[in-house]
Amino acid sequence: MKQIKINSARLISSIYEIARIGKLSNGGVRRLAFSKNDLIAKKKIIEWCEELGLNLSMDSIGNIFARLENNKNFTKKSTGIGSHLDTQPHGGKFDGAYGVLAGLEVIRTIVEKKIILKRPIELIIWSNEEGCRYTPPLMGSLFFTNSVKLKNLKKLKDSEGILLEDELIFFHNLGLKKVLNKKIDSFIEIHIEQGPILEKLKKSIGVVIGAQGSRGLNVDFVGEDSHSGTTPMNVRKDTVVALSNFVVDFTNEAKKLHKDLRATVGSIVTLPGSRNTVSGKSSITVDIRHKDPNILNKIEKIIANIGRKIELRLKVHVKIKKKLYGSKNNAAPNISFSLENTSLNKKLKKGKIPIDKKIDFHGMTVFEAERLFSQTVITCYENNFRNLLFVTGKGVLKKHNEDSHQVKLYYGKIRSGFFSWVKKNELQKYILAVEQASIEHGADGAFFVYLRKKKF
Ligand SMILES: [Zn+2]
């Protein structure tokens, strides 16, 4: 198969252009779902899709579909590619936006190179993935898969009392065609790593083989409000003590049950929340995740047991309510397989630049900026820039509010196809030696590549 290369500089600059919408002073991004910034970002993407002549449509919850129909088979189910554009209150530049813009870049490349596909490809932007302004998270894709009802979603209010249906009007007024019953064949999402595992393994990219099952529970503790000064310890029905015991027991039992089980108490509310009142009502959220439903059943039973023991011991009622269920899903094996065999990976293994051993990208933090960056290095090399010096700044490598973020400057050079890091105090030497400079930069000028034709 012929290998097709995307334009990584264009991808980076698109990511940076979108990152300006809702930009925070500390480098992060705030683009809450259904907010004005969310709307502006989507308008921009729609504009780009229109330039490509894509067939645009939107469903009732604001999911956007932009389909490339450049062959006779466009009636077939399509391959979706995309992600989300909404962020957490202190989100990062790459979370979601990278997936959307990588999808757009793929379509831009296909259009540019006049490639005819066997089935249509379409960019998909899911609404409200984060779920921090309106819950549940993954709202757009849950709606798409008929897992939530529109009439329930419309009545949701944010913390300021703004109805979701009122915000949705602005999105429907963007003027896209309405889509009611859309079917896609498969969906590909490129996403930054949310956890620390790839980074630990010193890998820059991995292929997801599935999503683990998840369950969300709410646990309410009901005791009795009483005065902190006058109520003796042995007659209290203190829900803070009860919930503290619960959290410790639950966490310990989960650790014992299975090493891959993820068990989290993420939110605690105690009422009335007063310094001098013994709390008579408290609530916590419990989040459990594992690929095996049997393990999830077991931990649910353990949770019920812990609740019963606490009721007996502390004279507080424990009510456990099931809230959310996410079933385990395997990724389509053919898609995972072809992703593992992408041109980038092949090149890394056997390509012209001996990246896997002699080029060490591992000193960098592991997330997608690094991959974009390494693609640019490959591009430069293939264009016969045999020696290149690069400097990448905090703008590219800073990802706000994510586990793996670090802010650093990295310097490196490629000499006759071999990569090495450059010490900061030696940097000037190389910069002075630059004969031909080409600067590729994102919106805030953070990405530089200096090229020179002669050997160092
Ligand atoms: Zn995301």
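Helices α8 and α9 cross at roughly 150°, which makes α8 roughly antiparallel to α9. The model also holds an open sheet of 6 strands. The mean pLDDT of the chain is 76.

**Confidence**

- Of the chain's residues, 70% reach a pLDDT of 70 or more.
- The pLDDT is below 50 over residues 414-419. Beyond near neighbours in sequence, that stretch has 17 contacts in the model.
- Residues 427-456 also have a pLDDT below 50. This stretch has 70 contacts in the model beyond near neighbours in sequence.
- Where pLDDT is low, the predicted coordinates should not be read in detail.

**Helices α1 and α3**

- The crossing of α1 and α3 is right-handed.
- From α1, the contact uses R10, L11, S14, I15, I18 and A19. From α3, it uses A97, Y98, L101, A102, L104 and E105.
- By class, the contact of α1 with α3 has 9 nonpolar, 1 polar and 2 charged residues.

**The open sheet of 6 strands**

- The strand order is β5-β1-β2-β4-β3-β6, and the pairing is mixed.
- The edge strands are β5 (177-178) and β6 (184-188). Each of these two pairs on one side only.
- Strand β2 (residues 64-68) runs antiparallel to strand β4 (residues 121-126). The two are joined by 5 bridges.
- I64 stands opposite I125 in β4.
- Helix α2 (residues 36-51) packs on the sheet. Helix α2 touches β1 (55-58), β2 and β4. The direction of α2 makes about 170° with that of β4.

**Strands around β12**

- Strand β12 spans residues 281-290 and pairs with strand β8, residues 213-222. The pairing of β8 with β12 is antiparallel, over 10 bridges.
- In this pairing, V219 stands opposite I284 in β12.
- Strand β10 (residues 262-271) also pairs with β12 in the antiparallel sense, over 8 bridges.
- Here T264 stands opposite D287 in β12.
- Strands of a sheet pair through backbone hydrogen bonds, either parallel or antiparallel.

**Helices α8 and α9**

- Helix α8 runs over residues 239-257, and helix α9 over residues 293-314. Their axes come within 10 Å.
- The crossing of α8 and α9 is right-handed.
- On the α8 side, the contact is made by V241, A242, N245, F246, D249, F250, E253, A254 and L257. On the α9 side, it is made by I295, K298, I299, I302, I303, I306, I310 and L314.
- By class, the contact of α8 with α9 has 13 nonpolar, 1 polar and 3 charged residues.

**Backbone details in loops**

- The peptide bond from T135 to P136 is cis, with omega near 5°. P136 sits in the loop between β4 and α4 (139-144).
- A cis peptide bond also runs from L271 to P272, with omega near 0°. P272 lies in the loop between β10 and β11 (277-278).
- F34 is not a glycine, yet has a positive phi of about 65°. The place of F34 is the loop between α1 and α2.

Key: Residues are numbered from 1 along each chain as its sequence is written. This is a predicted model: local features need pLDDT of at least 70, side-chain atom pairs count only at pLDDT 80 or more; totals for chains, interfaces and linings use all residues. pLDDT is the predictor's confidence in each residue, from 0 to 100. Two residues are in contact if their C-beta atoms, placed from the backbone, lie within 7 Å. A crossing is left-handed if the near helix is turned anticlockwise from the far one by less than a right angle, and right-handed if clockwise. Helices (H or I, at least four residues) and strands (E, at least two) are DSSP runs, numbered from the N terminus. Ala, Val, Leu, Ile, Met, Phe, Trp, Tyr, Cys and Pro count as nonpolar, Asp, Glu, Lys and Arg as charged, and the others, Gly among them, as polar. Two strands pair if DSSP finds at least two bridges between them. Axes are lines fitted to C-alpha atoms, for helices over the stretch in contact, and angles run from 0 to 180 degrees between N-to-C directions. Angles under 35 degrees count as roughly parallel, over 145 as roughly antiparallel, 65 to 115 as roughly perpendicular and the rest as oblique.
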